[in-house]
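Reader: I have a protein model open and I am new to this. How do I read its features?

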Amino acid sequence: MRKLVLKEPYKLEMTTAEIPEPAENQVRIHVKKIGICGSDPTIYKGLHPYVSYPLVMGHELSGVIEKVGKNVSPDRVGERVAVIPHIVCHECDACKKGIYNFCETLKCTGAEADGAHCDYFCIEAEMAVKIPDEMSLEEAAMVEPACVAYHGAKRGHIEPGETVLVVGAGPIGLFCMQSCFALGAGKVFVADMDKNRLELAKKLGATGTIAVGEENLKEGLTRYLGSEKKVDVFYDCVGEKGIVFNNILEIARRGTRIVVIGVLQNAYNVPLLPDFVQHELSVSGTTMYVPQDYVEMIDLMGKKQIRTEGMVSQHITLEEIPQMLEDIVNRRVQTYKVIVDVNE
Ligand SMILES: [Zn+2]
Ligand SMILES: [Zn+2]
């Protein structure tokens, strides 16, 4: 089978490998679709803190089960699945409660263990989650990033009818916006610098959009709501140097909740920490998802309550991944969600 190996940063090589045999608790998946993640260029450049080389990337995948290990029901052969890219110990306190994202020895395939940039991929049967007939394999490959957003959205503890602002209209931001509605929000606004992304936000149901660059968050919120103080929960889907987070701290009403879903860079401090304390704000972190999020997200996507229309910007083949990553890191291409058609 084909297997794309990142031998060292910037060096992806297509190799030929034996088709892997599933271990007793595993299934073998014929890989169908893989999404390129925002973290993939970071891994490709050698800047991801937990990665060692050589590595097979690819953690947003869907496929069809085509062989099972001896402890797995043979009825599962032929099942179409979305994959939780986690290897867990099943023995630590977190694992015993099913909180796999807190497993003490958690490894994410595609980053800390080999991922799915190949034709066949083996993973524990529990991590292959069945999708309904009405869901496409392309949508199934987007369940992983959708769950990052959905798990983060839950961390805001939205009450029915509340008003939300999501900053950042990339795939995670727009899955977050839709997740907030699914969790009961009444109004969800989206802010971003990119107007095309805001157009997509509107098509997918945003109550209103704020084009940062033309107006700031306070002006945009005042235009829609009469005051920036009407927002109950903020989501920072940008992270990075913390500029968005600070902007949120400047305008947040007392008692507001803030969830940071974007990845904050290391050397960041919070100049507004005294305000943060005096205004009784809450900040939540979030990391990945738990299996229950997959079950709920697959249901929400199946019912079209969470949609992916307009999100896929390019389709490529497994062979075209190296060129696409080069183009992304050199900013030669505009992408939203790139889908790799591994096998038809
Ligand atoms: Zn990802
Ligand atoms: Zn564990």
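Author: We will go from domains to sheet to helices. Keep in mind that this is a predicted model.

Reader: Into which domains is the protein chain divided?

Author: There are domain 1 (2–142 + 311–341) and domain 2 (149–284). Their centres, taken over C-alpha atoms, are separated by 29 Å.

Reader: Now strands. In which sense do β1 and β2 pair?

Author: The general idea comes first. Strands of a sheet pair through backbone hydrogen bonds, either parallel or antiparallel. Here, β1 (residues 2–8) and β2 (residues 11–16) are antiparallel, with six bridges. Leucine 6 is opposite leucine 12 in β2. The two strands make a hairpin, with two residues between them. In that turn, tyrosine 10 has a positive phi of about 70 degrees.

Reader: What is the order of the strands in the open sheet of six?

Author: Read it as β12-β11-β10-β13-β14-β15, with parallel pairing. The edges belong to β12 (208–211) and β15 (282–284). Each has a single partner strand, so one side of each lacks a neighbour in the sheet. From one strand to the next, the twist averages 20 degrees.

Reader: How many bridges join β10 to β13?

Author: Four, and the two strands run parallel. Leucine 165 has phenylalanine 234, in β13, as its bridge partner.

Reader: Which residues of helix α8 are buried?

Author: In α8 (residues 243–251), they are Val244, Phe245, Asn247, Ile248 and Leu249. These buried residues pack against β10 (163–167), β13 (233–236) and β14 (257–260). They also pack against two helices, α7 (217–225) and α9 (273–278).

Reader: Last one. At what angle do α4 and α10 pack?

Author: Two packed helices are described by the angle between their axes and the distance between the axes. For α4 (residues 143–154) and α10 (residues 291–302), the angle is about 110 degrees and the axes are 10 Å apart. That makes α4 roughly perpendicular to α10.

Reader: Which residues of α4 and α10 meet?

Author: From α4 come Val143, Ala146, Cys147, Tyr150 and His151. From α10 come Asp293, Tyr294, Met297, Ile298 and Met301. By class, this contact has eight nonpolar residues, one polar and one charged.

Terms used:
Residues numbered from 1 in each chain as written. Chains lettered and ligands numbered in written order. Predicted model: local features only at pLDDT ≥ 70, side-chain atom pairs only at ≥ 80, totals over all residues. Buried ≥ 20, exposed ≤ 12 C-beta atoms within 10 Å, placed from the backbone. Contact = placed C-beta atoms within 7 Å. Domains from an automatic or database assignment. Pairing = 2+ DSSP bridges. Axes fitted to C-alpha atoms, helices over the stretch in contact; angles between N-to-C directions. Parallel < 35°, antiparallel > 145°, perpendicular 65-115°, else oblique. Nonpolar A, V, L, I, M, F, W, Y, C, P; charged D, E, K, R; others polar.
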